[in-house]
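User: I want each label in this model checked against its cut-off. Please go through them one at a time.

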Amino acid sequence: MATTLEEIRENFSLLDDWEDRYRYVIELGKELEPLAEGDHSDDNKVRGCVSQVWLKPHLADDKVDPVLTFVGDSDALIVKGLIAILHATYSGKHVSEVLSIDPEAIFNELNLREHLTPQRSNGLRSMVERLRKIAQEAKV
């Protein structure tokens, strides 16, 4: 079963230093549903990331407000963990909800921006932009 954003928030609050949080983020990435080899394609590749990142979205057939789900992968363990946090934040939500989520508030709450390199922060922003674009295009 996938980790929820509330569980991530709770676990972050229990960890005192960033080293422990960093290890936790990596563990989250290890729990991700694997992405099929064939889905490591240019269509699923996220541009703007230093690491290799792929997000494969799926939209439910609901024409009014479809549900966005996705699977993702990266060649970097910490980035896989960031994908897991994005999965907990966005996957399984209606596109209207995806578009209403303030990712900056979540990242600030978890102190992610403070502890990520500028390149990782840019990659995280690129992943969020990709998911929001998919949701925006699906919105009727």
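Analyst: A salt bridge is a side-chain nitrogen of Lys or Arg within 4 Å of a carboxyl oxygen of Asp or Glu. The model is a predicted one: local features need pLDDT of at least 70, side-chain atom pairs count only at pLDDT 80 or more, and totals for chains, interfaces and linings use all residues. Residues are numbered from 1 along each chain as its sequence is written, and side-chain values use heavy atoms, with hydrogens and water left out.

User: What makes lysine 56 and aspartate 39 a salt bridge?

Analyst: Their side chains meet at 3.4 Å, N to O. The limit is 4 Å, so the pair qualifies. Lysine 56 sits in strand S1 (residues 53–59) and aspartate 39 in the loop between H2 and S1, so the bridge ties together parts 17 residues apart in sequence. Helices (H or I, at least four residues) and strands (E, at least two) are DSSP runs, numbered from the N terminus.

User: Why is aspartate 39 called buried, and why is lysine 56 called partly exposed?

Analyst: Buried means under 20% relative accessible area, exposed over 50%, and partly exposed in between (1.4 Å probe, protein chains only). Aspartate 39 has 17%, so it is buried. Lysine 56 has 33%, so it counts as partly exposed.

User: How do you know that lysine 30 and glutamate 27 form a salt bridge?

Analyst: Their closest N and O atoms are 3.5 Å apart. Both residues lie in helix H2 (residues 18–30), three residues apart, about one turn of the helix. Lysine 30 has 51% relative accessibility, so it counts as exposed. Glutamate 27 has a relative accessible area of 39%, so it is partly exposed.

User: What makes arginine 9 and glutamate 109 a link between distant parts of the chain?

Analyst: The side chains of arginine 9 and glutamate 109 meet in a salt bridge at 3.0 Å, N to O. Arginine 9 is in helix H1 (residues 5–14) and glutamate 109 in helix H5 (residues 103–109), 100 residues apart. At 22%, arginine 9 counts as partly exposed. So does glutamate 109, at 45%.

User: How many salt bridges does the structure hold?

Analyst: There are seven.

User: Why is helix H3 called largely enclosed?

Analyst: Of its 14 residues, 11 are buried, so the rest of the structure largely encloses H3. Among the buried ones are Ile78, Leu82, Ile85 and Tyr90.

User: How do you know that the length of H3 is close to what is expected?

Analyst: The expected span of a helix is 1.5 Å times one less than its number of residues. H3 (residues 77–90) has 14 residues and reaches 20 Å from its first C-alpha to its last, close to the 20 Å expected. Glycine 92 follows H3, with a positive phi near 90°.

User: Why is serine 121 called buried, and what does serine 121 touch?

Analyst: Its relative accessibility is 7%, so serine 121 counts as buried. Serine 121 lies in helix H7 (residues 118–138). Leaving out residues up to four places away in sequence, serine 121 touches Arg113 and Leu116. Contact means heavy atoms within 4.5 Å.

User: What makes a space a cavity and not a pocket?

Analyst: The test is whether the probe can get out. On a 1 Å grid over the protein atoms alone, a cavity is a set of points where a 1.4 Å probe fits but cannot get out. A pocket is an open set with protein on both sides within 12 Å along at least five of seven lines, and lining residues have an atom within 4 Å of a point. Grid points are joined across faces, edges and corners, and a volume is the space filled by probe spheres set on the points.

User: Which residues line the largest cavity?

Analyst: The lining includes Cys49, Val79, Gln119, Arg120 and Met127. The largest share, five residues, comes from H7. The largest cavity holds about 60 Å³. The structure has one cavity of 30 Å³ or more.

User: Where is the centre of the largest pocket, in terms of the closest residues?

Analyst: The largest pocket holds about 190 Å³. Of its 12 lining residues, Ala2, Glu31, Leu32, Glu33 and His87 are the closest to its centre. S2 gives the most to the lining, with three residues.
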